[in-house]
Amino acid sequence: MHANRSNDQGPGEFYSHFKTYHELMPHKVREILLVSSPYDAYIMEEDGSLASRIINEYSGLNLSQPPRVTRTASAEKAVDLVARKDFDLVLTMPYLEEMDACRLGRRIKRRRPDLPVILLAHSMRSIAPLPEDGHCEGIDQVFIWTGNSDLLMALVKNVEDRLNVEVDTGAAQVRVLILVEDSPAYYSSFLPLIYKEIVRQTQVVLGSGLNEEHRLLKMRARPKILHARSYEEALALYRQFRPFIFGVIADTRLPREGRLDGEAGIELLRQFREEFSDLPLLLLGADPDLRPRAEAIPAVFVDKNSTELLNEIHAYFLEHLGFGDFVMRLPDGTEVGRASDLRTLEQLVAEIPEASLCYHAERNHFSNWLMGRSEIGLASAFRSVRAQDFSDPGEMRRYIVSSIHALRIWRQKGVVAQFKANTFDAEVMDFVKIGRGSLGGKARGLAYMSALLHQSTWLHEKYPGVIIRIPRSLVIATEHFEAFVQQNDLARQIRAAADDGEIAALFQAADLPWPLRESLAVFMAQVRTPLAVRSSSLLEDAQHQPYAGLYDTFMIPNSHPDRAVRQERLEAAIKSVYASTFYVGPREFSRASVGQPHEDAMAVIIQELAGGRQGEFFYPAIAGVAQSHNYYPIGKMTPEDGLAQIALGMGKTVVDGERALRFAPPYPDMLPQFSSVDDTLRNAQQSFYALEIKDVPDAPRFDADANLVKREVADAENEVPVRQLAGTYIVDEHRIRDSGFLQGPKVLTFAGVLKYDLFPLPALLTDILHLGRQGMGGAIEIEFAVNLEPGAHGRGEFFLLQMRPMVMADHRREVDITPLEVDTALCYATHCLGNGESRSIRDIVYVKPKDFEPAATPRMAEEIGRINAALAKAQKPYLLVGPGRWGSADRWLGIPVKWHQISGVLAIVELRNNQLNAEPSQGSHFFQNITSMGISYLTVAENDGGRFGWDHLEGMEVITETEFIRHVRVPRPLVLKIDGRRSQGVVIMG
């Protein structure tokens, strides 16, 4: 340490010494133009974890002109804004109202040729009709966004790196890492990971800021990441910045001289190795046989198809790029401590012997270690002070500790309230976050809903008797999930686990991080209501890939008198949700959606359970799902009128596809399920789910039906919600009277709500669906619950539990189905989801009509799962055909397949005939995921003009046959055509 030092410095004075810091990164992304729906804009600009990544290094240093996002949903307005205002970056989504993204980019480039324009797509499928690699004139780069806010931070930082690399390498010898990859899907995963590794040193230093919404700052002097998409571009970057390069990551197959060259990556790294003998190199490839060739360079090799891809890249950073610990030693070399981050460094400096402190200070080890981690400001401050300037080692120790501490405590309040143990008040909490990291997809949606409801004062004024809100929610951010997995070494143990049950056992045996447990103790000391413990992974409720219902949710009574026991059960529920991240279902869905298991992180929502106590049970009067788009409108209904499905009790009835009442909110009197007394008796809900509450309940379970009991409506006929919502069947008159307070069997007709305005549910759903559709910029689906106030007309509580975008088919491509094709088709359906044409199916898996038994549908699901596994392994897409609702949890309504049992399917036919004449699937989690995958879904109603020609399958080659299922292969590919505009589809023999 050298020169003079300042005493008693506050954060502002401390940062004023960072002259080098202020001189770096002169070109910043200060003005961002975001062209997207209001919902996407909210997530990208206002979620706390994202805002901290984009603006924290400005506000944390009190710099002027912090980054600002200008939002617009209009492409024409975007062009006008570019002409009138100096933007540094344009982010656009693919689907814009007036023009597509390429045209927008071209018009922007005509005005501002140097202005970066980046396209954010939700999947490769969503960027059609762009070229296969997603690039077009006007678009500088395409990223695939799965809801991970780290990607948004990475793309902004990558733009800044390009602008600043020449200045920063010249001024401070800032290091450079080159990534050479041409696939948007892969570099959209790699760049966030690389940036996360680079800034990890900054993130871990903020232990004292654990309960703050924003982290301290992003260091300007961090290594620059330069991304090249071709051999020539990579070579040019290498030659320009060779003295500063500290690593290269390259794909094997790269564009070279305008063509994709399978050897380009190998030749590129070999050339670098000849010039730079100790440069860390990493070769990415899809063929494991390339490993020996990589080792011959030598370079590290990572298989791009590996399920551990991101973990292996993480290991490369740790093992080859020198991100090591600060090892505290005595002058004789004896190790006395080890610091991996600024927090532990601060702790150790306060404790190590004076001899060790002086040894490192006199040799500038503190400054050098911080400089190596791009902590330029703090490193410069330490370098400016000499050890002999202090009166004694104690004063020097205090200076070092206080300086590190000043850096760590600098923070600012974010949008979402941060949990603070000393100020937490459960009575007034609305949305509170524990820890750092992402809120996850579901919690982001909750935060958006909370803001939306708060802003929509007209909605509350229109329904003065209804309390409209989200349930009180505490969110455990992803930081704690990552710490939990790391500190218990679960990543390694999961790889050896045989099944979901073994993974669950591993997680239950592990310990949650102690800071989290301390926070939960404060929470549980104040909260005594039943709780829902819900998943909120990064991927949940994302556009195009919602992951609906794939992770676990648990409900706990929270009624034991001992707080420690209640906390123990809450922790068990949290660990069960964490475990579901690694279950077969989500991983198979991820593999099918993005081609490989995607790295996911889990936040957890602890939420007050909507409902009321009825004796020893707890449940809401109504729970349901509503969609702003109705796939199967009838009569005067239109698709835009939407659809609601409601049931008594917990929402499991609806989301699992069991018997529920369906209606269009604008037409609550149109109930085809209740068209006659006999239809009403046959179709009305007979059972419901409730949480069992006792003063001293047994230990809660954490299986598929955790702590819920399925009750018969008849057993609850004296409970208030049933009386409010049911009618009474008068046997002698063969009539149902719209009152639940008469003598006789109760029938759930919901007439009090749908006919007599006991609660304004239809109108309220109409307004909320309209509000949500405006906010998200497209069709939405919500989950909700209702508490009715006994004896009060028009009063109660409406809980908005979840809102997510609906995945809609792209109808821009016109598909024509001729009358001849209808007449000769193997299958003709008048109700279809999807749009387009396919000729890639030769395999048909179907339930044998003559062998079908409704009681045996679970066995059919198992048989289909075994056939699916073989077809998926062989990468053979297939057509699945069978009666009733696919994916229903009610075996009497359809075949209860799980996602992993049909993960290879390309099209599904749902038959409505005399074997199973259930209403079409809509509103269930299974249905939402099917539509998100772009899987064509054909509902064949034989009484509505649809048909399936079983005779066409006679004589086809039988590949597999089981007790109930037959798998055949046709000689030529089937022709599948879906006309999404008319909801019409055919399957034609090739």
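This dialogue walks through a few features of a predicted model and how to read them.

Q: What should I know about the model and its numbering before I start?
A: This is a predicted model in which local features need pLDDT of at least 70 and side-chain atom pairs count only at pLDDT 80 or more, while totals for chains, interfaces and linings use all residues. Residues are numbered from 1 along each chain as its sequence is written, and side-chain values use heavy atoms, with hydrogens and water left out.

Q: How many salt bridges does the structure hold?
A: Side chains of opposite charge can pair when their charged atoms come close. A salt bridge here is a side-chain nitrogen of Lys or Arg within 4 Å of a carboxyl oxygen of Asp or Glu, and the structure holds 38 salt bridges.

Q: Which residue forms a salt bridge with Glu 233, and where do the two partners lie?
A: Glu 233 pairs with Arg 162, and their closest N and O atoms are 3.0 Å apart. This pair links distant parts of the chain, since Glu 233 belongs to helix α9 (residues 231-241) and Arg 162 to helix α7 (residues 149-172), 71 residues apart. Helices (H or I, at least four residues) and strands (E, at least two) are DSSP runs, numbered from the N terminus.

Q: What is the setting of the salt bridge between Lys 224 and Asp 168?
A: The side chains of Lys 224 and Asp 168 meet at 3.1 Å, N to O, and they link distant parts of the chain, with Lys 224 in strand β7 (residues 224-228) and Asp 168 in helix α7, 56 residues apart. Lys 224 is buried, at 0% relative accessibility, and Asp 168 is also buried, with a relative accessible area of 0%.

Q: Which elements does the salt bridge of Glu 267 and Arg 256 link?
A: These side chains meet at 2.8 Å, N to O, and the pair joins helix α10 (residues 264-275), which holds Glu 267, to strand β9 (residues 254-256), which holds Arg 256, 11 residues apart. Glu 267 is partly exposed, with a relative accessible area of 30%, and Arg 256 is partly exposed at 21%.

Q: Which strands are joined to β8 by bridges?
A: Two strands pair if DSSP finds at least two bridges between them. Five bridges join strand β6 (residues 176-180) to β8, and these run parallel; within this pairing, Val 176 has Ile 245 of β8 as its bridge partner. Four bridges join β8 to strand β11 (residues 281-285), again running parallel, and the partner of Ala 250 in β11 is Leu 283.

Q: Why is strand β8 described as largely enclosed by the rest of the structure?
A: Seven of the seven residues of strand β8 (residues 245-251) are buried, so the strand is largely enclosed by the rest of the structure.

Q: Where does Arg 495 lie, and how far is it from Glu 308?
A: Arg 495 is found in helix α21 (residues 490-496) and counts as partly exposed, at 48% relative accessibility. Arg 495 and Glu 308 are 187 residues apart in sequence and 9.4 Å apart in space, C-alpha to C-alpha.

How values were computed
Buried means under 20% relative accessible area, exposed over 50%, partly exposed in between (1.4 Å probe, protein chains only).
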